[in-house]
Amino acid sequence: MARRKSSKSLLNDSLFAAILAVVIVLLVVPWIWKIVIGIAALICAALYVYLFRQRMERLRASGMLEIDRMDGEAFEQKLWLVFQDLGYAVQATPYRGDWGADLIVVKDDIRTVVQAKRYSKPVGLKAVQEAVTARAKYNCTHSIVVTNNFFTAQARELAFHNGTELWDRDKLVEMLKRTMGPK
């Protein structure tokens, strides 16, 4: 009497046959590779977009406690979202060699450089100097220095004399409340 194959063995044989058939078809019909690679690329792109959107939504929902733990690049990305939610068109500058501007924001035809400083201590004179320099470099009429901390007296004085707006921790919290409220 012949022995019956187990269902597990049949499943393995069927899986092997299906894989073998796919490989043969792919080898015999080379244009299918283009379709397979195209589909794989589309799946990867969709996954990237999904993960990027998830990250941006987490970043958008982050508050001061999360900001205090961010690195500089994440802080710049958070500010990008804050300015965007405030109605600005936003563009980034190079992460390195930015001449003191992390973002260029435009609203009502007014171009403004934004210098982001996520610090654990008060922000000094240098940040304001960089913002003033960047204002000329990027052909802007306004400049803002944003920090999760506060500014030294020297920084506040220089900002006053150069027309640079300062967003300290309190102002940043106010702006976060504006952007995180009901829409």
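**Close-up views of a predicted model**

**View 1. T112 sits in strand β3.** Welcome to the first stop in this predicted model. With a relative accessibility of 6%, T112 counts as buried, because buried means under 20%. Who are the neighbours of T112? Leaving out residues up to four places away in sequence, T112 touches L103, I104 and V105, together with C140, H142, S143 and I144.

**View 2. Helices α5 and α6 pack against each other at an angle of about 20°.** Two packed helices are described by the angle between their axes and the distance between the axes. Here, α5 covers residues 125–137 and α6 covers residues 153–162, and their axes lie 8 Å apart. Angles under 35 degrees count as roughly parallel, and α5 and α6 are therefore roughly parallel to each other.

**View 3. Residues of α5 meet residues of α6.** On the α5 side, look for L125, V128, Q129, V132 and R135. Their partners in α6 are Q154, A155, L158, A159 and N162. By class, the residues of this contact of α5 with α6 comprise six nonpolar, three polar and one charged.

**View 4. The largest pocket holds about 310 Å³ of space.** Its lining is made of 15 residues, and those nearest the centre of the largest pocket are M56, E76, Q77, W80 and A92. Which element gives the largest share of the lining of the largest pocket? That is α4, with six residues. Sorted by class, the lining of the largest pocket has seven nonpolar, five charged and three polar residues.

**View 5. The second largest pocket has a volume of about 230 Å³.** Here 14 residues form the lining, with E76, D98, D102, A116 and K117 nearest the centre of the second largest pocket. How does the lining of the second largest pocket divide by class? There are seven charged, four polar and three nonpolar residues.

Definitions and conventions:
Residues are numbered from 1 along each chain as its sequence is written. This is a predicted model: local features need pLDDT of at least 70, side-chain atom pairs count only at pLDDT 80 or more; totals for chains, interfaces and linings use all residues. Side-chain values use heavy atoms; hydrogens and water are left out. Axes are lines fitted to C-alpha atoms, for helices over the stretch in contact, and angles run from 0 to 180 degrees between N-to-C directions. Helices (H or I, at least four residues) and strands (E, at least two) are DSSP runs, numbered from the N terminus. Angles under 35 degrees count as roughly parallel, over 145 as roughly antiparallel, 65 to 115 as roughly perpendicular and the rest as oblique. Contact means heavy atoms within 4.5 Å. Ala, Val, Leu, Ile, Met, Phe, Trp, Tyr, Cys and Pro count as nonpolar, Asp, Glu, Lys and Arg as charged, and the others, Gly among them, as polar. On a 1 Å grid over the protein atoms alone, a cavity is a set of points where a 1.4 Å probe fits but cannot get out, and a pocket is an open set with protein on both sides within 12 Å along at least five of seven lines; lining residues have an atom within 4 Å of a point. Grid points are joined across faces, edges and corners, and a volume is the space filled by probe spheres set on the points. Buried means under 20% relative accessible area, exposed over 50%, partly exposed in between (1.4 Å probe, protein chains only).
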